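Work through the exercises below with the sequence and model open. Try each task before reading its solution.

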Amino acid sequence: MGMGDEKRQHGLSANVCLFPVLHPLARPQRHESGREHLGSQSDRARRPASEPMLVSICYQSRAHGTHVESIHPHGGEIQPSWLPLPHVLSHLLFQRQNQFLPQPRHGPWRGCHDRASGDADADRRESHPAGACMAGRLGLLIQTMRSLSDNRQWARRRRKGAGRCGESRVPAGGYSDFPTRRRPGRRRRNQSSRAGVEFASRLPSVSARDQRRWHGAVSGEGQRVVGSRGLNVSRLFLAALLFALFAAIVPVLAAEATNRLVNALAALELLESQARGQVKPTKEEMLQAVSSVTSAAHAITPTDTILLPRLQKLATEFGAQAIPTPEKPLNVADGLSRLLLTLQMEDLTKRPPDQIKAHPSAAFFPGAIPDGAPRVTKELMIDGATPEWHSTGLYAAPGEIIEISLNRASLIKGVTVRIGAHKDDIRGHDQWSRVPEITREWPIKDAQTFIASPFGGLIYIVVPKNGKFGEFKVTVRNAVEAPLFVLGQTDTKDWCERIRALPGPWAELATRKIILTVPSGQIRKLEDPVTLMQFWDQVLDADAELAGRSKERERPERIVSDVQISVGYMHSGYPIMTHLDAAPRMVDLAVMKKGEWGLFHELGHNHQSGDWTFNGTGEVTVNLFTLFVFEKVCGKKPREANKCLAVPQRDESLKNYLAVCDFSKWQRDPGLALLMYVQLQESFGWETYIKLFAEYRALPDNERPKNDDEKRDQWMVRFSKAVGKNLGPFLEAWGVPISETAFREISGLPTWMPSDWPAAQANLGDAPSG
């Protein structure tokens, strides 16, 4: 059969990545006729057991539509069969023991030859010791690739036309109805497939439905039955493919080669037994089991009759337990519930809006809509020049369809609509206090777009970056109003009398510089949002000033509070994510004026530059912004902002460090490392940092540091030149590695050290010394 026919038969697209499978242990021998074959029966009898003869049998899986290959321990000549690469890997991962991939009632290492010859041990035999684990199978595949690339005789036969479709030999006393020769002048394209079906039909243990799935066959001594046609691929390509593929996957798969839980059915059995209290697996076993079944569920089709029915039965029995809440989170021990919830989430993303229902967990988080809350229609003007999320002051009720309308003239490529601000995916955590992923975006491609979320959430119009569009109008229908205050637009009286009481469970306080997203309960009693948000604007302006950036921002920063986030207590990004306990502090002006280290710190990350942040200082230079905000907005000096910078602690820390002067210790201690930067600030002021950061921002690409060594060198040289002092001895005393080239570049400047170094007294560095 031609290559195009083979693709059509197996449902492969024209651009699918194909992979040759040809087992190498069946070493060809030169026949008297000049052809290569696998040897006579006596040859096979004399062959050592450690080097068995193997035969490839290809079949197509009923439930999965995958064209896979089993390897069998007896005679017949190997023929190449082209397989989709993902299917080969799926075969390696799951075809073992209980057999995740369905078989025509035979194990993966048992073949037609065993059954046809009546071998009584066929059901118990495994063809090769390497077959005991995935690492062994990978070894077989590696040898396969090597054999294919080295076998010039095979390539020569292909060029000469040997082994074309329809060509075979009939064994003595064998199956006389096999095609024995080609009809002159005509190619019988699908003959080899028919031969395979006919051969398979003689196996009494294989059902008729499975017989039609066979795509190749084996016969007795010396015969040749050709499977699908191979491709004449260059040895160089095969070698490159082999190297790239196995360099990436061998270490991963080999590490799990002996793990029985990579088998999906075995993993599911473990999860079910654990849910019933019959076994107590380890944490690692539970995580592996959930991962295996999830991966398997991705690979199967909706017609699967092995895994899906079991999952559906378990969902009926245990589905009510798959609802995480802050009071009753799902832990690793709740493996089956976590699995069912994961599969449920993925199923929901594939459903059209009219099939989306409210998820039971939505009542716990993000929150329920009050009974009787009216649904509204609202027209919005969106500033297309501002990228990212645009708040609408509207909330999508869980399971309800939202209609987004734009006139044809307003359709803009790349504009999307989002439901939900809580974008962190928490499925990597050992504990889930909410559904791991509860937000989603949809493209707006037509004048009308219908969307729905099982969890609900605030509605945003998302403008692509670098779009620079003008204003456009969007109409949102069937949404619930949520509290939204915009500095300079929202009337304070209207806020107090109506807006803050709107039924949406989440509220936003916005300026052109920052937007805070908090539970609506936190702002119900907020009387003066104007002063609060003016303070936040001052914080963002201070960050921009230190970073050397314009105070007029391309888009506002965002801070979103959540019941659980992906990493840390807070983390930077867009949006900055915090836990719920930060929400009341964010909207309390009195608390914010005292200084909020965590929130200022995360905003600092969004202004930090890698050009002047080398290894070990990621959590250090960011706090220059934290300290700057404390001083400029909250009126607190650095030594008042954090106890690690207070006089007693900093003196003791410096003394202890100088006793060892270990740069690796300096890198591991952010508080200690920050002291070095504070010494420079106390001696030369914030103006030097502002000047230096602006200088870095203006650097052309070819002058920017490319590695850690260059970052440290440039930092010392640029700072020294900015203050007119040689900081080499200072950094050297701290143990910071600097190159000799950098030392020479500033050698003409007067050296500088803090006046009371190394005593580190209370007034350390009040004035520079020359």
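**Exercise 1: a hairpin and its neighbours**

In the hairpin of E21 and E22, four residues lie between the strands, and Gly 573 there takes a positive phi near 125 degrees. This is a predicted model: local features need pLDDT of at least 70, side-chain atom pairs count only at pLDDT 80 or more, and totals for chains, interfaces and linings use all residues. Residues are numbered from 1 along each chain as its sequence is written, and side-chain values use heavy atoms, with hydrogens and water left out.

Task: find which residue stands opposite Met 570 in E22.

Solution. 
- Step 1. Locate the strands, which are DSSP runs (E, at least two residues) numbered from the N terminus. E21 covers residues 570-571.
- Step 2. Check the pairing, which needs at least two DSSP bridges. E21 and E22 run antiparallel, joined by two bridges.
- Step 3. Turn to strand E20 (residues 557-562), which runs parallel to E22 (residues 576-579) with four bridges. Here Thr 578 is the bridge partner of Ser 561.

**Exercise 2: a helix**

Solution. 
- Step 1. Find the helix, a DSSP run of H or I with at least four residues. H13 spans residues 335-350.

Note on methods:
Expected span 1.5 Å × (residues − 1).
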